[in-house]
Amino acid sequence: MQIAARTVASFHYTLTNDAGEVLDSSRGREPLTYLHGAGNIVPGLEKAMAGRGAGDAFQVRVVPEEGYGAHHPQLVQDVPRAAFAGVDTIEPGMQFTARSPEGVQHVTVTRVTADTVTVDGNHPLAGEHLNFAIEVTEVRAASDEEVAHGHVHGPGDHHH
Ligand code: ZN
């Protein structure tokens with residue numbers, strides 16, 4: 001069976017950036033399982049998965065626009081240190097959830113000075129090319145229920 005709409009595929013992946021650093025990998029864990037055509041994985045990878053079958057191994061380089069998006073400089077902001085009242089230690093790399101008129105925003109602290117904290121609302125991988133090494137382990141037909149829900153149901157986790 002080939003990966004197409006209304007199929008569920010499982011695959012192992014190793015994700016590296018252009019510097020060759022491994023950012024994430026499923027090796028040593030269960031493979032990732034997703035419903036194809038439902039936007040459950042980044043668009044560039046989903047596109048590259050189409051037509052593959054169990055046992056296929058390949059590499060794909062996903063551009064930022066088909067990955068986690070471009071890096072938007074306007075999402076990087078300097079916030080007064082006083083806005084973090086009640087937080088004892090603030091260090092680069094810490095993540096916060098901020099409520100704004102536009103809704104909930106996840107931000108990462110990138111710089112801390114005595115008076116200001118620089119936060120970045122971009123996805124940590126925004127602007128990065130994503131280099132995936134993929135091995136497809138299984139492809140099966142999706143159930144009607146999975147297609148209706150837009151996601152995969154695993155054994156024992158149908159709790160909604
Ligand atoms: Zn469901």
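## The four-stranded sheet

An open sheet of 4 strands, arranged in the order β5-β8-β7-β6, is formed through antiparallel pairing. Its edges are β5, spanning 76–80, and β6, spanning 95–100, each of which pairs on one side only. From one strand to the next, the twist averages 45 degrees. The model described here is predicted.

Within this sheet, β6 is joined to β7 (residues 103–112) by 6 bridges, and the two strands run antiparallel.

Strand β1, comprising residues 7–16, pairs with strand β2, comprising residues 22–25, in the antiparallel sense, and 3 bridges connect them. Across this pairing, Thr14 stands opposite Ser25 of β2.

The hairpin has 5 residues between its strands. In this hairpin Gly20 adopts a positive phi near 90 degrees.

## The segment before β1

Arg6 is placed in the segment before β1. Its backbone has a positive phi of about 65 degrees, although Arg6 is not a glycine. Most residues other than glycine have a negative phi. The relative accessible area of Arg6 is 46%; because this value falls between the 20% and 50% cut-offs, the residue counts as partly exposed.

## The nonpolar cores

The largest nonpolar core contains 20 residues, of which Leu45, Met49, Phe132 and Ile134 touch the most other members. Two or more residues are given to this core by each of β1, α1 (43–49), β4 (57–62) and β9 (130–141). The greatest share comes from β9, which gives 5 residues.

Which residues are in contact with Ile134, leaving aside its neighbours within four places in sequence? The contacts of Ile134 are Phe11, His12, Tyr13, Leu45, Met49, Asp56, Ala57 and Phe58. Among these, Leu45 and Met49 also belong, with Ile134 itself, to the core members that touch the most others.

Another core lies apart from the largest one and consists of 8 residues. Its members include Phe96, Val109, Val117 and Val119. Of the strands already described, β6 covers residues 95–100 and β7 covers residues 103–112.

Notes
Residues numbered from 1 in each chain as written. Predicted model: local features only at pLDDT ≥ 70, side-chain atom pairs only at ≥ 80, totals over all residues. Heavy atoms only, no water. Pairing = 2+ DSSP bridges. Axes fitted to C-alpha atoms, helices over the stretch in contact; angles between N-to-C directions. Core = buried A, V, L, I, M, F, W, Y, C linked by side-chain atoms within 4.5 Å. Buried < 20%, exposed > 50% of the residue type's maximum accessible area, 1.4 Å probe, protein only. Contact = heavy atoms within 4.5 Å.
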